[in-house]
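Let's take a walk through this protein chain, one piece at a time. Keep the picture open while you read.

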Amino acid sequence: HEMTEITELTIGRLADEAGVHVETIRYYQRRGLMHEPARPDHGHRRYAADAVKRVRFIKRAQVLGFNLQEIGDLLGLDEAHGCAETRELAGRKLQVIEGKLAELEAMRSALGGLVRQCDAGLAPRGCPILHTLGAD
């Protein structure tokens with residue numbers, strides 16, 4: 001017999017297919033990112049097969065640094081007309097990431113210098129890290 005394509009999924013199967021936990025799906029529903037299908041009188045809710053793509057979209061967007069509010073905005077854009085808006089959102093997110101990277105690099109440099117001072121044992125007044133943190 002022929003294999004038929006699955007057109008509806010239980011929440012467990014949706015979670016498995018998308019590589020997330022069931023609670024992740026429920027959380028996305030509470031946040032308005034996913035539709036919660038009606039429960040039939042006798043049975044389990046069934047999700048359309050395209051729900052897997054939606055969950056994967058959300059997860060990929062999170063990996064790129066978008067928060068759930070921003071992802072909701074992205075999901076609301078019409079693909080045919082939303083490219084400029086999507087580009088603007090992505091550009092702003094890139095600026096935030098670059099700012100965070102600059103902050104992290106400054107922190108790395110400062111901590112690296114303090115660790116080198118500790119390792120060299122040249123601090124005249126005890127621990128240079130504690131001295132720096134306690135400096136006025």
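## Alanine 48 and its strand

Alanine 48 is partly exposed, with a relative accessible area of 39%. For the cut-offs, buried means under 20% relative accessible area, exposed means over 50%, and partly exposed is in between, using a 1.4 Å probe and protein chains only. You'll find alanine 48 in strand β2. Strands (E, at least two residues) and helices (H or I, at least four) are DSSP runs, numbered from the N terminus.

A word on the model: it is predicted, so local features need pLDDT of at least 70 and side-chain atom pairs count only at pLDDT 80 or more, while totals for chains, interfaces and linings use all residues. Residues are numbered from 1 along each chain as its sequence is written, and side-chain values use heavy atoms, with hydrogens and water left out.

## The chain as a whole

The chain has six helices and two strands, in the order β-α-α-β-α-α-α-α. It is 136 residues long, and 24% of them count as buried. Take the contacts (heavy atoms within 4.5 Å) between residues at least 6 apart in sequence: 47% of these join residues at least 24 apart.

In α1, the buried residues are Ile11, Leu14, Ala15 and Ala18. They sit on the same side of α1 because they cover an arc of only 100 degrees around the axis. (The arc is that of the directions from the helix axis to the C-beta atoms.) What covers them includes β1, α2, β2 and α3. After α1 comes glycine 19, with a positive phi near 75 degrees.

Helix α4 spans residues 68-76, and Leu68, Glu70, Ile71 and Leu74 are buried there. Seen down the axis of α4, these fall within an arc of 155 degrees, so they line one face of the helix. Gln69 and Gly76, on the other side of α4, are exposed. The cover over the buried residues of α4 includes α2, α3 and α5. Here's a handy rule: an α-helix has 3.6 residues a turn, so residues three or four places apart point the same way.

## The nonpolar core

A nonpolar core is a set of buried Ala, Val, Leu, Ile, Met, Phe, Trp, Tyr and Cys residues joined through side-chain atoms within 4.5 Å. The largest one here has 22 residues, and those touching the most other members are Leu14, Ile25, Tyr28, Met34, Val55 and Ile58. Helices α1, α2, α3 and α4 each give two or more residues to this core, and α3 gives the most, with five.

Which residues does tyrosine 28 touch? Not counting residues up to four places away in sequence, they are Leu33, Met34, Val55, Ile58, Lys59, Gln62 and Leu68.

## Glutamine 29

Glutamine 29 has its place in helix α2. Is glutamine 29 buried or exposed? It counts as buried, because its relative accessibility is 12%. Leaving aside neighbours within four places in sequence, glutamine 29 is in contact with Met34, His35, Glu36, Pro37 and Tyr47.
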